[in-house]
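Here are my notes for your next look at this model.

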Amino acid sequence: MFDTENDLSNEQRAHDLALLSVQAEINRNLISQINSGSKDAELDVYGLYVNSYNDVLKSVNKDF
């Protein structure tokens with residue numbers, strides 16, 4: 001019916017997975033803050049995204 005293998009580019013796949021990775025890291029940090037009672041936290045969301053995107057893209061390129 002649909003050719004789903006080619007619906008997304010590898011860059012789109014990497015982007016989607018990088019966003020999930022960043023969201024998971026943000027959640028992990030928030031839970032850690034709540035558990036420790038800390039209110040201060042610095043998180044480089046862009047840096048997390050770029051690193052995750054590049055890592056995921058390398059992996060995705062191996063499979064697709």
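**Notes on the helix pair and its core**

1. Let's start at Val 56. Setting aside neighbours within four places in sequence, Val 56 is in contact with Ala 14 and Leu 17, where contact means heavy atoms within 4.5 Å. Please keep in mind that this is a predicted model, in which local features need pLDDT of at least 70 and side-chain atom pairs count only at pLDDT 80 or more, while totals for chains, interfaces and linings use all residues. Residues are numbered from 1 along each chain as its sequence is written, and side-chain values use heavy atoms, with hydrogens and water left out.

2. Val 56 also belongs to the largest nonpolar core, a set of six residues with Ala 14, Ala 18, Tyr 53, Leu 57 and Val 60 as the other members. Such a core consists of buried Ala, Val, Leu, Ile, Met, Phe, Trp, Tyr and Cys residues joined through side-chain atoms within 4.5 Å. Buried means under 20% relative accessible area, exposed over 50% and partly exposed in between (1.4 Å probe, protein chains only). Helix 1 (10-36) and helix 2 (45-63) are the elements giving two or more residues to this core, and helix 2 gives the most, with four. Helices here are DSSP runs (H or I, at least four residues), numbered from the N terminus.

3. How do the two helices meet? The axes of helix 1 and helix 2 come within 8 Å and cross at roughly 135°. These axes are lines fitted to C-alpha atoms over the stretch in contact, with angles from 0 to 180 degrees between N-to-C directions. The angle makes helix 1 oblique to helix 2; oblique covers what is left once under 35 degrees is called roughly parallel, over 145 roughly antiparallel and 65 to 115 roughly perpendicular.

4. Ser 52 is a residue of helix 2 that is worth a look. Is Ser 52 buried or exposed? Ser 52 is buried, at a relative accessible area of 10%. Beyond its neighbours within four places in sequence, Ser 52 is in contact with Leu 17, Ala 18 and Ser 21.

5. Lys 58 lies in helix 2 as well, but Lys 58 counts as exposed because its relative accessibility is 56%. Its C-alpha atom is separated by 11 Å from that of Arg 13, 45 residues apart along the chain.

6. Finally, Ser 36 is in helix 1 and counts as exposed, at 54% relative accessibility. Ser 36 and Ala 18 are 18 residues apart in sequence and 27 Å apart in space, C-alpha to C-alpha.
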